[in-house]
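Below is a short briefing for a reader new to this structure. The structure comes before the notes.

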Amino acid sequence: MKDRSHDEKIERWAKYVKEHPNEWKKHMKLFLDAQVTKANNFYKRLAETEEGKNKIRYILNYPKGKKI
Amino acid sequence: MRNVRDIVREKIERKVDDRNILDRFTEDFAEIVEKYCKYIVVSGFVAISHGRARGTDDIDMIIERLDRTRFVLLHNDLINSGFECIQTESPEKAFDYLDEGISLRYVSKGEFLPEMELKFAKDELDEYQIKKRKKYPLTGTNLYFSSIECNIAFKEELLKSPKDLSDADHLRKVYPEADENEITRIKLEIKRLRMKK
């Protein structure tokens, strides 16, 4: 559930983006890249477990026969 | 603080070293919090840690309710360890925020992201989540999460946005062995405690 601090946070970030048009993307890129890396590394760990590759096919809805 | 041997052992156990900024930030923060009280990481970060390819703008953490004195110690430890509270520099005011049920937001000093959203456990359901907290090896982190059953129940029963429902679906696929009776029980508690008119 979002509270007052969430709205304040959005205002703060929007102000920063507006005032630092050449800098905000660097912060955001690092943060977003970390999230993608994190998801990928989860699948690498899962692939190493028993039945992990089958589970990945199921989770990601891969077509039959798709190699992992 | 972990010594080098612990870190090396941890890396070997994890096999994949993915201590990116997000994990480092969260684990460093949690390590300090754990000195003062129990915590759980909940919501979006749980899903991302289990392979959901979607964004989150912060990490949500619920901690046991602390009295003012103990919270000030925790807050000061966080500040001395390189974190800052965005809303206020005063530990007293920070406590008032939490006490009023408003989240506190912490970042690494001088940074904007990632951001930790910290709140006190607000009822027996949060206390139950903390009591049932778990580490999930597949996440590759040393963090305590609220249980998969709790996460599924909250997302399906209370939050219900398309993103939350997709998260719940994803967690069900990752953990088909999740305890359905427990999920149902938590949903009933959510109705009783969070959805009463």
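How many residue pairs are in polar contact across the interface of chain B and chain A? The rule finds eight, both residues at pLDDT 80 or more; a polar contact is a pair of N or O atoms within 3.5 Å, where within protein one must be able to donate a hydrogen and the other to accept it, and residues adjacent in sequence count only if both atoms are side-chain atoms. This is a predicted model, in which local features need pLDDT of at least 70, side-chain atom pairs count only at pLDDT 80 or more, and totals for chains, interfaces and linings use all residues. Residues are numbered from 1 along each chain as its sequence is written, chains are lettered from A in the order in which they are written, and side-chain values use heavy atoms, without hydrogens and water.

**Interface**
- Chain B gives 44 residues to the contact and chain A gives 30, with contact meaning heavy atoms within 4.5 Å.
- About 3300 Å² is buried between the chains, 61% of it from carbon and sulfur atoms; this is the accessible area (1.4 Å probe) lost on being put together, summed over both.
- Phe112(B), Leu138(B) and Lys173(B) lose the most area on the chain B side, together 20% of what that side buries.

**Salt bridges**
- Three salt bridges link chain B and chain A, each a side-chain nitrogen of Lys or Arg within 4 Å of a carboxyl oxygen of Asp or Glu.
- Lys38(A) forms a salt bridge with Asp23(B), with the closest N and O atoms 2.6 Å apart.

Key. Buried area is the accessible area (1.4 Å probe) that two parts lose on being put together, summed over both.
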